[in-house]
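Here's a quick briefing to read with the model open beside you. Have a look at the fold first, then come back for the details.

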Amino acid sequence: MPYFVDVILPLPLDKRFTYEVSSEEASFLTPGMRLAVPFGKSKIYTGIAAKIHQIPPEVYEAKPIHQILDKVPLITPNQLKFWAWISSYYMCTEGDVLRAALPGAFLLESEGVIQLKNKEALQNDDGLTDDEFVLLEALQRQSSLKIQEVMKVLDKKTVLPVINKLLEKDLVVLNQEIYEQYKPKRTRYIKLSENFSEEAAMHELLDSLSRAPSQREIMLTYFSLTAKSRKPIKQKSLLKKSKASPGTIKSLIDKGILEEFYEQTDRVSFSGETTSKEIIFSEFQQKAFSEIKELFTENKVGLLHGITSSGKTEIYIELIKEVLNAGKQALYLLPEIALTTQLIQRLQHYFGEKVLIYHSKYSVNERVEVYRKILEDAGSGQVVIGARSSIFLPFKNLGLVVVDEEHESSFKQYDPAPRYHARDAAVVLASFFKANILLGSATPSLESYFNAQHHKYGLVELNRRYGDVLLPEIEIVDIKTKHKKKQMTGHFSDRLLEEIKSTLKEEEQVILFQNRRGFSPILECNTCGHSPQCPNCDVSLTYHSHNNQLRCHYCGYHIAMQQKCMACQSTEITTKGFGTEQIETELKALFPKHKIGRMDQDTTRGKYAFDKIISAFENQEIDILVGTQMVTKGLDFRHVNLVGIMNADNLLNFPDFRAHERSFQLMLQVAGRAGRTKKRGKVLIQSYNPNHQIIQQVSTGDYEAMYKEQLEERYNYKYPPYYRIIRFTLRSRDYSTNNTAADWLAKSLTNVFAEYVLGPEFPPIARIRNEYYKNILLKIPQQQSLEKTKTLTNRILSSFKSIGTFRSVRVVVNVDPI
Ligand code: ADP
Ligand code: ZN
Ligand code: ZN
């Protein structure tokens, strides 16, 4: 009897595809191995063997596979099980999951393009097979080859193993990404020579310098700067503070009073030093820690609600330590943006080389390396710190998952499928391993807190800052009145300016939060009201001053800044609203002597751009940092004493049922950046609506009040956590077909689910990149079976697909959209 293998292909197919294998192949094959298989007329893909059996497919004749690509499975049984769960829960194909789950380099396919890693690849041809040599030679002539072309070059069909070998030998690269060159930055530090470290020697030294006033001045500055920390300081800071010349410092070095040395800064790489120092918990941390352990003995998901700077990270570290000592693996999940050098170094400090980092700014090769390390782990204990896609790693003995900043919406993948929520999926993943899982946040999502209130999760509260530092004092500034009384300078109220000035005077730092990037979102004609629109999307173009352009944030379309109105030729055009770039410009004019930094999507594109800004701010090379949401993400800066929220209103007015919850979370998180060490920090919130309940709740840090009030609204308007939501988005370049299709789908769903179907409706932005959008919402009450709902929905969706006239319409299904 012949043998068959069901294969998961990296394509949006509803089912696995069955191929024929020989009996030798069948006895060698284990689920989770990669196979090269033909698909369609002439294409070849890498698929994953999911099941080996003897039942021939019914509707088609099984083709033979080309080749088995692995000696041992690359995918574990738990991963296969997890993929199946994701695909069923989030209503997508296993192929979609496969694409999200594996680094691209594992998935050779005939459409792929390979290139030489470097030109010298051929200089050392030791150990190359003939095929490998021929291929490398061809690549030297042609620079890049499609895998289909490789078949011609080698004159055979089974080329994937050859390419695989070359990838492993690091001689070629697949689907080349742009690798950013990064030069580590060296910083010059100054320290006092050992000879003068005694109090008496210090006084003697100062006396001896009485006739060299500028040198004496430098030493006095040095002592005042290092009085608290007694640590070396940067030459730059010393120069700046003492206003001395580098020459004077040099003379002090020559005299043997000061010493200079270099250190490499802002690197992710591990310096090799770990600490054996024990963490000594505060009384409150200790209590929380014990409560968490208690929950774990009951196999409960933990929710740690700990205010900003309460020392949650230390608790995570202690939990991870125990898991690693038991030789198990730990996963520390963070939103992409919060994965900073800062946090990575904090973990490396404790766990050294056991820390593995996995996120999208890492190159394909780096990701492949981490993947293999985890797969091959022999029980020495590892901690993966990663963004959402790290839930797809091949864990073998996962013992603990920590989801830090669990309220963050970026844990949900928006596009493409699978549209999974990494926090929720991680709960399922942990259950597969019987691993413990802890969700942590200063501002938990309504969903998680609801689960805790209903005893599905266990709740642990930590409401003291570490070191008993007070939470910052929050002041609300009514900018409507300030405008009336002419107490505004640009977008700054007199209060905010006063506070910035006094903070800078104390040599402390300021963070200013503005929800939008760019200069001023839109340009408007005072005469006719026209504002320039994107031709491809239903949005106004945004003004960017640094390159004097109008840009679309959705499709990248841009034109030069206009001098006249495009509609009526009037020159009376003004900018409306404001973004980070404009704040930065205003600040530069207001505080010309201070260094202003900006952190938003435009300034953090490269792999290290984000880390560079953070380390500059950390090293006090930036006095005022202006930024979007990015500045709110779990950063721990020592010298920030003032946080200003430029305008709370545009957060609150967002047309979304989560807008209020989100505003609360954002504002409280950004407020939490202030005064994290000794002194109490200050937060100023500028708003036209100072009495808004959310602003009031933020000012008193009253999470409970926010929770209760929002929950009531969710109940009244039938939203999560009381109702689950599935959103269907129909997209097409044809406006009227899209509308007809949406009507059809809404009607079919209504026949089954009656009043729980909403729409079709145009979303706020109804056209993007020339595609029209329409949404339908399906609400699922708690008592209704989710499984059954999905089965019925899938049935309707497959009838939809069989309608010829709707072929141009794509339906995007989003389960638990956020
Ligand atoms: P959170 O993650 O809750 O915002 P962090 O873990 O960043 O708070 O802690 C805030 C600050 O307090 C950090 O600088 C951290 O190093 C320090 N800290 C917290 N717990 C301890 C401890 N037990 N011993 C020493 N320092 C601690
Ligand atoms: Zn006009
Ligand atoms: Zn556009």
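Residues are numbered from 1 along each chain as its sequence is written, chains are lettered from A and ligands numbered from 1 in the order in which they are written, and side-chain values use heavy atoms, leaving out hydrogens and water.

**Confidence**

- The average pLDDT of the chain (pLDDT being the predictor's confidence in each residue, from 0 to 100) is 87, and 93% of the residues score at least 70.
- Residues 176–184 fall below 50, and this stretch has 16 contacts in the model beyond near neighbours in sequence; a contact means heavy atoms within 4.5 Å.
- Another stretch with pLDDT under 50 is residues 265–270, with 23 contacts beyond four places in sequence.
- Where pLDDT is low, the predicted coordinates should not be read in detail.

**Helix packing**

- Helices and strands here are DSSP runs (H or I of at least four residues for helices, E of at least two for strands), numbered from the N terminus.
- Axes are lines fitted to C-alpha atoms, for helices over the stretch in contact, and angles run from 0 to 180 degrees between N-to-C directions.
- Helix α16 (residues 446–453) packs on helix α24 (residues 703–716) at about 95 degrees, and their axes are 11 Å apart.
- That makes α16 and α24 roughly perpendicular, on a scale where under 35 degrees is roughly parallel, over 145 roughly antiparallel, 65 to 115 roughly perpendicular and the rest oblique.
- On the α16 side the contact uses L446, Y449, F450 and Q453, and α24 brings Y703, E704, M706, Y707, Q710, L711 and R714.
- By class, that contact has seven nonpolar, two polar and two charged residues; Ala, Val, Leu, Ile, Met, Phe, Trp, Tyr, Cys and Pro count as nonpolar, Asp, Glu, Lys and Arg as charged, and the others, Gly among them, as polar.
- Helix α8 (residues 213–226) and helix α10 (residues 246–254) cross at roughly 85 degrees, with axes coming within 10 Å, so α8 and α10 are also roughly perpendicular to each other.
- S214, Q215, I218 and M219 of α8 meet T248, I249, S251 and L252 of α10, a contact with four nonpolar, four polar and no charged residues.

**Around α6**

- L160, V162, I163, N164, L166 and L167 are the buried residues of α6, where buried means under 20% relative accessible area, exposed over 50% and partly exposed in between (1.4 Å probe, protein chains only).
- Those buried residues pack against β3 (34–39), β4 (43–53), β7 (113–116), α4 (130–142), α5 and β9 (172–174).
- D170 follows α6 and has a positive phi, near 65 degrees.

- The A417 to P418 peptide bond is cis, with omega near 0 degrees, and P418 sits in the loop between β17 (398–404) and α15 (422–433).
- The P720 to P721 bond is cis too, with omega near 5 degrees; P721 is in the loop between α24 and β33 (723–732).
- D155 is not a glycine, yet its phi is positive, near 55 degrees; D155 is exposed at 69% relative accessibility.
- H455, in the loop between α16 and β19 (457–462), has a positive phi of about 60 degrees and is exposed at 62%.

**Cysteines**

- The disulfide count is zero, taking a disulfide as a pair of cysteine sulfur atoms within 2.5 Å.
- C534 is buried at 3% relative accessible area, and C537 is buried at 1%.

Methods
This is a predicted model: local features need pLDDT of at least 70, side-chain atom pairs count only at pLDDT 80 or more; totals for chains, interfaces and linings use all residues.
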